[in-house]
Amino acid sequence: MNAEDCSRTGRGGWAGWALVVLGAIATTGCYSPAAKFEPNKIAIHKSELENEYQFSEQYQLQPIAKILADAFGTPDDPKLPPVPGIEDVLDLEKIKMAAGPYGSDENGKQRGLYRQHCVHCHGINGDGAGPTAAFLDPYPRDYRPGKYKFKSTGTGLPPTHADLKRIIDNGAAGTAMPSFKLLTEDEVEALTHYVKYLSIRGQAELFLIEAQFGDLYPAVVKSPSERNAEEQKYVDELSPEEVEEEKEEFLEEVKFFESEENIVEEVIGPIVDSWAEAIDEVTIVDERPGKVDTASIEKGRELFFSAKTGCAGCHGESALGDGQTAEADFYDDWTRFYYDPSDPSTLPGYLALGALEPRKLRPRNLRQGVFRGGRRPLDIYWRIRNGIEGAKMPAAPPSVTDEEIWQLVDFVRHGLPYDALSENEPHQPENARVRN
């Protein structure tokens, strides 16, 4: 376009430019790049630091990405791996209802619930690092390790479907996680299945990074220009025959895990099975003996401050969350995955990859009567009996009886929030005018 053309366009005003823009849109469409799952860079970096090598792009990172894409699809077009019985854990129709851009598909079916309601906190990957995550306290949950705090199952076990659905329904009091009770039953079901889908995919990825491809030392399959100093030193100490032998073994391992059958049997199948079996691992709670009364609350108070339960060690003699551990290097498992407070030198590398700034855990101030995992007696019973996964809250010792757990529940629900120390001091008006 020459000066004269520009001048004519200028005289034509904005209408001319608008026609050009509309024409371009009509020709090319409104382009928006498809969402994609990003690799778990923090887990990859951690594995590289621990093993003192860098993953091979060709023989490790690309195969991992392909295995995950073949098994789970993409954020816009999810699918399920051919694991026997997976339909008992994940409902693909519901997952598709939550996946993709918000709106409806060509058949008018609703989709995109996750991106409408969840992605800004939990992120496309379910890594708990969405655009708003850094501003929230506590941080949103990272689904990928498959760990959840508030559940009916014990430590080391996945939650049940009902556990996750309950949190989506009710939200988590005292956090940024809202209640989604206004959604329909189908919509809440869709989000629950999608959260499980992201967890199972994330667990499979972690296993591939840490335990499968992470165990392979890639120096022999890299070109000299790709090797770091340690890798080159390792290769230099091998004979040509040993290099070829190791290379052959490495490629055999990669080929083994590129087989869908092997991946299903060795990696994804056991993960899906653990989720399917969660319902059989729910901590059964018998009907509580007796009723809530002053005697039960008082007994709970004695237990709370006793060595038998150790509750005050974290929650403090005041139960304000100011026990001995409040000042310790106390971080949850999601943070400790990449942050070692005794060696903070590696932290900048993780932050550069998108890790959130570490925040210390604070034992709960029980005088506020705010219970993130639900305030039903049953919810609190499960937390005391099972502990809180990933959050340093241990399970009650086996010596603590069921009746004593109920007494602790009564003290926490009915004793602490309402005793004299929990009451606000009477308001004292300032600058009150004294009338004679």
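Biologist: Why is Cys118 called buried?

Modeller: This is a predicted model, and in it Cys118 has a relative accessible area of 9%. Buried means under 20%, so Cys118 is buried.

Biologist: What about Cys314?

Modeller: Its nearest cysteine sulfur, in Cys311, is 8.9 Å away.

Biologist: Now the glutamates. Is Glu231 buried or exposed?

Modeller: Glu231 is buried. The relative accessible area of Glu231 is 0%, and the limit for buried is under 20%. Glu231 is found in helix α10, residues 229-236.

Biologist: Which residues does Glu231 touch, leaving out those up to four places away in sequence?

Modeller: Tyr53, Gln54, Tyr217, Pro218, Ala219, Lys222 and Glu226. Contact here means heavy atoms within 4.5 Å.

Biologist: Why is Glu266 called partly exposed?

Modeller: Glu266 has a relative accessible area of 39%. Buried stops under 20% and exposed starts over 50%. The value for Glu266 falls in between, so the label is partly exposed.

Biologist: Where is Glu266 found, and what does Glu266 touch?

Modeller: Glu266 is found in helix α12, residues 260-277. Not counting residues up to four places away in sequence, Glu266 touches Phe207, Phe256 and Phe257. The C-alpha atoms of Glu266 and Gln212 are separated by 9.9 Å. Along the chain, those two are 54 residues apart.

Biologist: On to the second largest pocket. What is its volume, and which residues lie nearest its centre?

Modeller: The volume is about 570 Å³. The lining has 27 residues, and His122, Arg141, Ile167, Ala172 and Met177 lie nearest the centre.

Biologist: Which helices each supply at least two residues of that lining?

Modeller: α7 (119-122), α8 (161-170) and α9 (185-212) do. The largest share, four residues, comes from α8.

Biologist: How do the lining residues of this pocket divide into nonpolar, polar and charged?

Modeller: There are 19 nonpolar, four polar and four charged residues in the lining. Ile, Ala and Met count as nonpolar, so Ile167, Ala172 and Met177 belong to the nonpolar group. Arg counts as charged, so Arg141 belongs there.

Key. Residues are numbered from 1 along each chain as its sequence is written. This is a predicted model: local features need pLDDT of at least 70, side-chain atom pairs count only at pLDDT 80 or more; totals for chains, interfaces and linings use all residues. Side-chain values use heavy atoms; hydrogens and water are left out. On a 1 Å grid over the protein atoms alone, a cavity is a set of points where a 1.4 Å probe fits but cannot get out, and a pocket is an open set with protein on both sides within 12 Å along at least five of seven lines; lining residues have an atom within 4 Å of a point. Grid points are joined across faces, edges and corners, and a volume is the space filled by probe spheres set on the points. Buried means under 20% relative accessible area, exposed over 50%, partly exposed in between (1.4 Å probe, protein chains only). A disulfide is a pair of cysteine sulfur atoms within 2.5 Å.
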